[in-house]
Amino acid sequence: MTDRDLLFQREYTFTETAGSTSEELKEAVRAASSPLWRVLSAERQTAGRGREGKTFFSPPGGIYFSATFPMEKTQPLLPCFTLLAGLTVCRALEGISPLAIKWPNDVMLNGKKVCGILAQTVYIGNAPTVILGVGINASLPEADIPPALRDIMTSFTAEGLPAPPVKKTVKDIVSALDREIYLNGALSGDFSPYLKEIAARDHLFGKRVARTLPRGRVTGVAAGLSPTGGLLIRTDAGETEEILFGAVN
Ligand code: BTN
């Protein structure tokens, strides 16, 4: 089923099964000769992709969608894009329960991952389009969460909460992002108001974190976010380190 958003002329497609909604939209952008504003949402994915080329577990009961965001800049700031998407997911779903953002791209419910976000860039000539992929564990029953993941992953249903409705959730998130990016200039101006709201939901703040860098392993305590959306670590050596990409553990 396909319909259109009147303000941004976005084309929304809701389907039962996709391989990977992000991979399908990447192909569509590559095949297009002009910018595309498209959304593809599936109830399950057979080849869901996560960060670092990992598989993203996508059984029925999730909300799996991707949206294309043509950008003006040659290199949009992906860390800020991902954080803005995380904030938008929180704002859209916090009527159900408080949520937190785990830098750089997870949304947490009761301390466990409930949503993963992945932003990737595809170019048409010099013009970048960000493909944003969002996977929300909505009505996934607890029994369908692999036992090995139950300590770190959850769903709204597994927490005894109402599951967010698919169509409304996708449209609320994408249209809110359209407003922030294209009307309010969220990614081309001052990001600090958004960082403030993100910091208020910072899952890692004050927790022990570690990250292996080319020059060695950094361990310390998460100390908030930098103005460019990086993670600040107060290291055990007493320094402040900024991590811009990747994850911590
Ligand atoms: C992560 O947590 O590693 C990021 C996961 C991103 C998953 C979403 S689900 C919709 C879209 N299609 C994909 O194949 N991946 C993204």
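This is a predicted model: local features need pLDDT of at least 70, side-chain atom pairs count only at pLDDT 80 or more; totals for chains, interfaces and linings use all residues.

Visitor: How many helices and strands does the protein have?
Guide: Its secondary structure comprises 4 helices and 12 strands.

Visitor: What is the radius of gyration, and what would a compact globule have?
Guide: The protein has a radius of gyration of 18 Å, which agrees with the value near 18 Å for a compact globule of 249 residues. The C-alpha trace spans about 55 × 45 × 30 Å along its principal axes.

Visitor: What share of the residues counts as buried?
Guide: Of the 249 residues, 51% count as buried. As for contacts between residues at least 6 apart in sequence, 60% of them join residues at least 24 apart.

Visitor: And the surface, how much of it belongs to carbon and sulfur atoms?
Guide: Carbon and sulfur atoms account for 54% of an accessible surface of about 11,600 Å².

Visitor: Where do the charges lie on average, I mean how far apart are their mean positions?
Guide: The mean positions of the 27 positive and 26 negative charges are 2 Å apart.

Visitor: Changing topic: how many disulfides are there?
Guide: The structure holds 0 disulfides. For C90, the nearest cysteine sulfur is that of C115, 8.1 Å away, whereas a disulfide requires sulfur atoms within 2.5 Å.

Visitor: Is C90 buried or exposed?
Guide: C90 counts as buried because its relative accessible area is 0%.

Visitor: What about C115, buried or exposed?
Guide: C115 is buried as well, at 2% relative accessibility.

Note on methods: Residues are numbered from 1 along each chain as its sequence is written. Side-chain values use heavy atoms; hydrogens and water are left out. Helices (H or I, at least four residues) and strands (E, at least two) are DSSP runs, numbered from the N terminus. The radius of gyration is taken over C-alpha atoms; the globule rule is 2.2 Å times the number of residues to the power 0.38. Buried means under 20% relative accessible area, exposed over 50%, partly exposed in between (1.4 Å probe, protein chains only). Contact means heavy atoms within 4.5 Å. Accessible areas come from the Shrake-Rupley method with a 1.4 Å probe; for residues, only the protein chains shown count as cover. Lys and Arg count as positive and Asp and Glu as negative; His and the chain ends are not counted. The place of a charge is taken as NZ of Lys, CZ of Arg, CG of Asp or CD of Glu.
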